[in-house]
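Here is a friendly walk through one protein model, written for someone who likes to know the cut-offs behind each term. Please keep the sequence and the structure open as you read.

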Amino acid sequence: MDVPLLIQNDKWLTPYTQVIMNRLSAAKAKKDELTRGGSLSDFATGYLWFGLHKIPEGWAIREWAPAASALFLIGPFNNWGVDGKYAFSKIENGTWELLLPEETLHHGDLYALMMFWPDGAGKRIPAWATRTVQDEQTYIFNAQVWNPEQPFEWKNPRIKRNGEPLLIYEAHVGMAGEEERVHTYDEFRRNILPRVKAGGYNTIQLMAIPEHPYYGSFGYHVSGFFAPSSRFGTPDEL
């Protein structure tokens with residue numbers, strides 16, 4: 001963004017020239033820190049490497065935790081306790097990795113990380129978890145293995161735009177229905193999408209899709225950037 005030109009086009013911004021410059025500088029510094037000279041697009045695809053993944057040899061889970069001194073996978077499979085069999089190895093650039101046999105984890109299993117650092121320790125949900133669920137009794141969130149026997153397959157080809165202008169319909173899946181309850185991805189697909197299309201809209205902006213612990217926040221307080229909210233249904237239903 002050309003800030004002098006921006007201010008030239010809007011004289012009311014002149015008193016805030018330095019503030020605008022400072023914010024742009026801070027944004028660039030953060031981008032450089034995150035991407036390490038790469039692109040934001042490359043950084044955004046980190047989920048393809050980090051997090052839990054099924055591999056030919058079994059499972060691989062990776063986490064970026066440069067300040068950690070030790071990392072363990074915990075879950076029902078080890079009674080949520082620290083177990084050397086589930087210790088991560090530090091490989092490079094603050095990245096930790098754990099490889100497990102296929103029979104260790106199953107679809108629907110809960111898991112989390114037990115992280116140690118020089119002056120403390122704590123349970124953490126993996127940053128790149130693609131599925132998190134909340135216990136109905138304790139309200140505690142955990143990550144969940146999502147590996148159904150019949151994985152979801154896309155049924156429609158990638159949309160090709162014809163150059164028409166965007167006409168955006170903004171919606172919140174949980175609040176889209178008429179009843180006073182949290183509605184679902186499936187209900188939105190069946191009941192709301194046809195009405196949106198009939199109204200002439202060609203673009204959907206869905207609010208509150210990334211997981212968030214407090215429903216009343218409207219989804220602004222994100223806790224899992226790669227996990228679609230389990231309140232509305234499964235990732236396949238999304």
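N93 sits in the loop between β4 (89-92) and β5; strands here are DSSP runs of E with at least two residues, helices are runs of H or I with at least four, and both are numbered from the N terminus. Its phi is positive, about 50 degrees, although N93 is not a glycine. Most residues other than glycine have a negative phi. N93 counts as exposed, at 54% relative accessibility. Here, buried means under 20% relative accessible area, exposed means over 50%, and partly exposed lies in between, with a 1.4 Å probe and protein chains only.

F218, in the loop between β12 (210-211) and β13, also has a positive phi, about 65 degrees, without being a glycine. At 26% relative accessibility, F218 counts as partly exposed.

A word on the source: this is a predicted model, in which local features need pLDDT of at least 70 and side-chain atom pairs count only at pLDDT 80 or more, while totals for chains, interfaces and linings use all residues. Residues are numbered from 1 along each chain as its sequence is written, and side-chain values use heavy atoms, with hydrogens and water left out.

**The chain as a whole**

The protein chain has four helices and 13 strands. Its C-alpha atoms fill a box of roughly 60 × 50 × 35 Å along the principal axes. Of the 238 residues in the protein chain, 32% are buried. Contact means heavy atoms within 4.5 Å; among contacts between residues at least 6 apart in sequence, 58% join residues at least 24 apart.

**Strand pairs**

Two strands pair if DSSP finds at least two bridges between them.

| Strands | Bridges and sense | Residues opposite each other |
|---|---|---|
| β1 (residues 51-55) and β2 | five bridges, antiparallel | L52 and I61 |
| β2 and β5 | six bridges, antiparallel | E63 and W96 |

As for β2, the strand is mostly covered, with six of its seven residues buried.

**The cores**

Which residues touch the most other members of the largest nonpolar core? They are L52, I61, L73, F88, L98, L100 and Y111, out of 19 residues in that core. A nonpolar core is a set of buried Ala, Val, Leu, Ile, Met, Phe, Trp, Tyr and Cys residues joined through side-chain atoms within 4.5 Å. The elements giving two or more residues to this core are β2 (58-64), β3 (70-74), β5 (95-100) and β6 (110-117).

Leaving aside residues up to four places away in sequence, L52 touches W59, A60, I61, L105, Y111 and V145.

**Helix α4**

V196 is also one of the buried residues of α4, together with Y185, E187, F188 and I192. What covers these buried residues includes β10 (168-172), β11 (203-207) and β13 (224-228).

Helix α4 (residues 185-198) has 14 residues and reaches 19 Å from its first C-alpha to its last, close to the 20 Å expected at 1.5 Å a residue. That expected span is 1.5 Å times one less than the number of residues. Where does α4 bend? The bend is at I192, by about 40 degrees, and a proline, P194, follows within four residues. The bend at a residue is the angle between axes fitted to the seven residues ending there and the seven starting there. After α4 comes G200, whose phi is positive, near 95 degrees.

**T35 in helix α2**

Is T35 buried or exposed? T35, which lies in helix α2 (residues 17-35), is buried, with a relative accessible area of 11%. Its side chain reaches the backbone oxygen of K31 at 2.7 Å. Not counting residues up to four places away in sequence, T35 touches L40 and F43.

Definitions and conventions: A polar contact is a pair of N or O atoms within 3.5 Å; within protein, one must be able to donate a hydrogen and the other to accept it, and residues adjacent in sequence count only if both atoms are side-chain atoms.
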